[in-house]
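Visitor: I have a chain open here and would like to go through it with you. Can we take it piece by piece?

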Amino acid sequence: MLSIHPKMLPRLDELEADLLARRQRAIDEGWRGEVEGLDLTLRFLRSKRVQAHRAAATGRVDLGMPTLSRHRPGHGA
């Protein structure tokens with residue numbers, strides 16, 4: 001899943017403005033299929049914005065580095 005870094009939020013605003021302008025043109029031209037596609041893209045963009053705001057509010061989680069165990073089951077001691 002694509003994650004958006006919170007520093008990219010201003011770029012998402014620019015993309016949304018562009019998509020809204022393209023959507024309006026599609027409405028004006030009667031391009032219903034294009035409007036539907038742009039609506040889908042706008043919903044995705046807005047959900048990513050919410051995700052980025054949530055990530056900024058909760059901060060980063062350090063999961064650490066995985067380690068290898070010397071003993072593997074089924075391979076002797």
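Guide: We can go from the overall fold to the helices, the core and then one arginine. Keep in mind that this is a predicted model.

Visitor: What does the secondary structure of the chain come to?

Guide: Two helices and zero strands.

Visitor: And how many of the residues count as buried, as a percentage?

Guide: The chain has 77 residues, and 17% of them count as buried. Its accessible surface is about 6,700 Å², with 57% of that belonging to carbon and sulfur atoms.

Visitor: What about contacts between residues at least 24 apart?

Guide: They make up 59% of the contacts in the chain between residues at least 6 apart in sequence.

Visitor: On to α1. What does it reach from first C-alpha to last?

Guide: α1 has 21 residues and reaches 30 Å, close to the 30 Å expected at 1.5 Å a residue.

Visitor: Which of its residues are buried?

Guide: In α1 the buried residues are L9, L12, E16, L19 and A26. They lie on the same side of α1, because they cover an arc of only 85° around the axis. As background, an α-helix has 3.6 residues a turn, so residues three or four places apart point the same way.

Visitor: What do those buried residues pack against?

Guide: The buried residues of α1 pack against α2. L19 is one to look at: leaving out residues up to four places away in sequence, L19 touches L38, T41, L42 and L45.

Visitor: Which residues make up the largest nonpolar core?

Guide: Ten residues: I4, L9, L12, L19, A26, V35, L38, L42, L45 and A52. The elements that give two or more residues to this core are α1 (9–29) and α2. The largest share, five residues, comes from α2.

Visitor: Different topic. What happens just after α1?

Guide: G30 takes a positive phi there, of about 80°.

Visitor: Now R49. Where is it?

Guide: R49 sits in helix α2, which runs over residues 32–58.

Visitor: Buried or exposed?

Guide: R49 has a relative accessible area of 15%. The cut-off for buried is under 20%, so R49 counts as buried.

Visitor: What does its side chain make a polar contact with?

Guide: The side chain of R49 makes a polar contact with the side chain of E16, at 2.8 Å. E16 is itself among the buried residues of α1.

Visitor: What else does R49 touch?

Guide: Not counting residues up to four places away in sequence, R49 touches L9, L12 and D13 as well as E16. L9 and L12 also belong to the largest nonpolar core.

Conventions:
Residues are numbered from 1 along each chain as its sequence is written. This is a predicted model: local features need pLDDT of at least 70, side-chain atom pairs count only at pLDDT 80 or more; totals for chains, interfaces and linings use all residues. Side-chain values use heavy atoms; hydrogens and water are left out. Helices (H or I, at least four residues) and strands (E, at least two) are DSSP runs, numbered from the N terminus. Buried means under 20% relative accessible area, exposed over 50%, partly exposed in between (1.4 Å probe, protein chains only). A polar contact is a pair of N or O atoms within 3.5 Å; within protein, one must be able to donate a hydrogen and the other to accept it, and residues adjacent in sequence count only if both atoms are side-chain atoms. Contact means heavy atoms within 4.5 Å. A nonpolar core is a set of buried Ala, Val, Leu, Ile, Met, Phe, Trp, Tyr and Cys residues joined through side-chain atoms within 4.5 Å. Accessible areas come from the Shrake-Rupley method with a 1.4 Å probe; for residues, only the protein chains shown count as cover. The expected span of a helix is 1.5 Å times one less than its number of residues. The arc is that of the directions from the helix axis to the C-beta atoms.
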